[in-house]
Amino acid sequence: MDGETVRICKVETIAQGKGKLIRVSYEQRRRDGERQRRQREIYDNGNSAVILPYDEDRKTVLLTRQLRLPVFLQDGMERTVEACAGKLDGEEAERRIVKEMQEELGYKISKLERLFELYVSTAAIMEKVAFFTCIYSPANKVSDGGGLKEEGEDIEVVETTLEAAAAMIATGEIVDAKRRSFSSSI
């Protein structure tokens with residue numbers, strides 16, 4: 001895959017598990033016209049979708065609390081609060097996030113609003129996230145949620161007010177970039 005100013009020279013798989021770590025050697029034409037050879041490691045763990053369900057009447061949102069090993073290893077936090085999200089695994093973002101919301105939160109919804117798409121970390125991670133919101137109410141609850149045990153999920157459903165969620169961002173209780181990206185809607 002070559003572009004106007006970039007030529008890919010070599011792509012090597014360094015490691016492959018749930019995602020894939022690749023090393024890309026490339027040549028870049030700088031703005032001054034000079035050509036420069038570079039190399040980067042990139043982690044590709046697939047695209048994902050995230051949703052922030054909102055109850056208009058009660059002014060509440062649904063979040064999740066779960067173990068995120070990188071956060072534990074870095075900061076010692078055993079469980080983090082974040083928005084409901086999941087990998088697309090080849091599905092359309094809308095279809096996948098409806099399933100994730102039912103699996104993780106226990107709510108079945110049919111109408112979504114797509115807000116925007118963002119890359120997680122443009123320098124090193126090849127993941128684009130589609131952001132959604134929806135209206136929910138207690139009538140939409142179909143189970144206790146919690147995620148899929150066979151996928152290793154152990155998710156606590158957190159229902160909180162918009163005000164409390166905004167405070168969690170401000171105090172650092174919410175550290176996940178996906179959740180922080182919703183802060184403009186809070």
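A salt bridge is a side-chain nitrogen of Lys or Arg within 4 Å of a carboxyl oxygen of Asp or Glu. By this rule the structure has 22 salt bridges. The structure is a predicted model, in which local features need pLDDT of at least 70 and side-chain atom pairs count only at pLDDT 80 or more, while totals for chains, interfaces and linings use all residues. Residues are numbered from 1 along each chain as its sequence is written, and side-chain values use heavy atoms, with hydrogens and water left out.

**Salt bridges**

- Side chains of opposite charge can pair when their charged atoms come close.
- R23 and E41 form a salt bridge through their side chains, at 3.2 Å from N to O. This pair links distant parts of the chain, with R23 in strand β2 (residues 20-29) and E41 in strand β3, 18 residues apart. Helices (H or I, at least four residues) and strands (E, at least two) are DSSP runs, numbered from the N terminus.
- R23 is partly exposed, with a relative accessible area of 25%, and E41 is also partly exposed, at 39%. Here buried means under 20% relative accessible area, exposed means over 50%, and partly exposed lies in between (1.4 Å probe, protein chains only).
- E27 is joined to R35 by a salt bridge, with 3.4 Å between the closest N and O atoms. E27 counts as buried because its relative accessible area is 14%, whereas R35 is partly exposed at 45%.
- K141 and D144 also meet in a salt bridge, at 3.8 Å from N to O. K141 is partly exposed, with a relative accessible area of 44%, while D144 is exposed, at 65%.
- A network of salt bridges links E91, R95, R96, K99, E100 and E103.

**Nonpolar cores**

- A nonpolar core is a set of buried Ala, Val, Leu, Ile, Met, Phe, Trp, Tyr and Cys residues joined through side-chain atoms within 4.5 Å.
- The largest nonpolar core has 15 residues, and A49, I51, M101 and F132 have the most contacts inside it. Two or more residues of this core come from each of β4, α2 (93-105) and β9 (125-135). The element that gives the most to this core is α2, with 4 residues.
- A second, separate core consists of 10 residues, among them V61, A165, I169 and I174.

**A nonpolar surface patch**

- L67, L69, F72 and L73 make up a nonpolar patch on the surface, and together they have about 400 Å² of accessible area. Patches are made of residues with over 30% relative accessible area and no salt bridge; like charges are joined within 9 Å, and nonpolar side chains (Val, Leu, Ile, Met, Phe, Trp, Tyr) within 5 Å. Accessible areas come from the Shrake-Rupley method with a 1.4 Å probe, and for residues only the protein chains shown count as cover.
- L67 lies in the loop between β5 (60-66) and α1 (69-75). L67 counts as partly exposed because its relative accessibility is 45%.

- N47 lies in the loop between β3 (35-44) and β4 (48-55), and N47 is partly exposed, with a relative accessible area of 36%.
- Apart from neighbours within four places in sequence, N47 is in contact (heavy atoms within 4.5 Å) with K87, L88, M126, E127 and K128. The side chain of N47 reaches the backbone nitrogen of K128 at 2.8 Å.
- S25 is placed in strand β2 and counts as buried, at 13% relative accessibility.
- The side chain of S25 makes a polar contact with the side chain of Q39, at 3.2 Å. A polar contact is a pair of N or O atoms within 3.5 Å; within protein, one must be able to donate a hydrogen and the other to accept it, and residues adjacent in sequence count only if both atoms are side-chain atoms.
- Leaving out neighbours within four places in sequence, the residues in contact with S25 are I8, C9, K10, R38 and Q39.

**Positive phi values**

- K59, a residue other than glycine, has a positive phi near 60°. K59 is in the loop between β4 and β5 and is partly exposed, at 45% relative accessibility.
- D89, a residue other than glycine, has a positive phi near 50°. D89 is in the loop between β7 (84-87) and α2 and is exposed, at 68% relative accessibility.
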